[in-house]
Amino acid sequence: MLKNDTQLEAQWLQRLQQNDEQALAAIMRKYYTALYNYGARFTNDDALVKDCVQEVFISLWQRRENAAAILSPRYYLLRAVKNKVLKSLHQHNSKTSFMEAEDAYDFLQEFSVEKLIIDKQMSEEQATILRKTLSQLSKRQHELIYLKFYQHLDHAQIAGLMNLSRQSVYNLLHETIQKLRNLWQAEIFPPAP
C-alpha cells in the first residue's frame with residue numbers, strides 16, 4: 001500500500017472519530033468490493049455476505065470513538081467480515097461449535113486463470129495445467145494465496161485472519177509454494193510410462 005493511502009486512511013479514521021459520515025462513506029467506497037469478495041469465499045449465499053458486510057460498516061460507525069486505534073483498516077475490516085460470515089454460518093448450522101465451523105468452512109476461491117494467461121502470455125495448455133494444479137491445494141492454502149497475493153496482507157495480518165501463528169503462516173506459505181512448484185513440474189514434465 002502506498003504511503004499516501006496510509007495517510008488518507010488515518011485521516012478517514014480521525015474524521016470518523018469526529019462523527020464525519022463522509023469519512024465512513026469513503027471507507028465503504030474503498031473497501032466494499034474487497035470485503036464482499038472475501039466474504040463470498042466462505043459461502044455462496046449472496047444476501048448473507050451483503051448483510052455481513054453492511055453489519056461490519058454499521059459496527060464500525062457505532063464504535064467510531066475507537067477508530068484511531070485501528071492500525072490497518074483493510075485488515076480490521078477483512079477480519080470483521082470473516083468473523084461475521086462464519087458466525088452467521090454457524091448460527092444457521094448450530095450442530096457444530098464456532099471453532100469447528102471455522103475449521104470446516106469452504107474457502108471458495110476461483111483464481112483468475114484468464115488474467116494469468118494475459119499477464120504471462122501463457123498458452124491454453126499451460127492455463128489448463130495451472131487450473132489443475134491450483135485445484136489440488138487445500139482450502140487453507142487457497143485462502144492463504146488469496147490473502148497474500150490478492151489482498152496483499154502481511155504475514156502477521158494473515159496469521160490473525162486465519163487463526164495461525166506467524167510462523168505457521170510462513171511454513172504454510174512455503175509448503176504451498178513448494179507444492180505448487182512440484183505439481184507444476186509434474187504436469188509439465190510427466191514421468192515416462
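1. Basis. The model is predicted, so local features need pLDDT of at least 70 and side-chain atom pairs count only at pLDDT 80 or more, while totals for chains, interfaces and linings use all residues. Residues are numbered from 1 along each chain as its sequence is written, and side-chain values use heavy atoms, with hydrogens and water left out.

2. Overall make-up. The chain has 10 helices and zero strands; helices (H or I, at least four residues) and strands (E, at least two) are DSSP runs numbered from the N terminus. Of the 193 residues, 39% are buried, where buried means under 20% relative accessible area, exposed over 50% and partly exposed in between (1.4 Å probe, protein chains only). Among contacts (heavy atoms within 4.5 Å) with a separation of 6 or more, 65% join residues 24 or more positions apart.

3. A nonpolar core is a set of buried Ala, Val, Leu, Ile, Met, Phe, Trp, Tyr and Cys residues joined through side-chain atoms within 4.5 Å. The largest one here has 36 residues, and Ile 27, Leu 35, Leu 77 and Leu 147 have the most contacts inside it. Two or more residues come from each of α1 (3-17), α2 (21-39), α3 (46-62), α4 (73-92), α8 (139-150), α9 (155-162) and α10 (166-188). This core lies between domain 1 (3-103) and domain 2 (113-188), because both give residues to it; the domain bounds come from an automatic or database domain assignment.

4. Ile 27 and the second core. Leaving aside residues up to four places away in sequence, Ile 27 touches Trp 12, Leu 13, Leu 16, Phe 57, Leu 60 and Leu 77. A separate core of five residues includes Leu 130, Leu 137, Ile 145 and Leu 180.

5. The α2 and α3 pair. These helices pack at an angle of about 150 degrees with their axes 10 Å apart; axes are lines fitted to C-alpha atoms over the stretch in contact, and angles run from 0 to 180 degrees between N-to-C directions. On the α2 side the contact includes Leu 24, Ile 27, Met 28 and Leu 35, and on the α3 side Val 49, Val 53, Phe 57 and Leu 60. By class, the contact has 11 nonpolar, one polar and three charged residues, with Ala, Val, Leu, Ile, Met, Phe, Trp, Tyr, Cys and Pro counted as nonpolar, Asp, Glu, Lys and Arg as charged, and the others, Gly among them, as polar.

6. Ser 88. This residue lies in helix α4 and is buried, with a relative accessible area of 13%. Ser 88 touches Leu 48 and Cys 52, not counting residues up to four places away in sequence.
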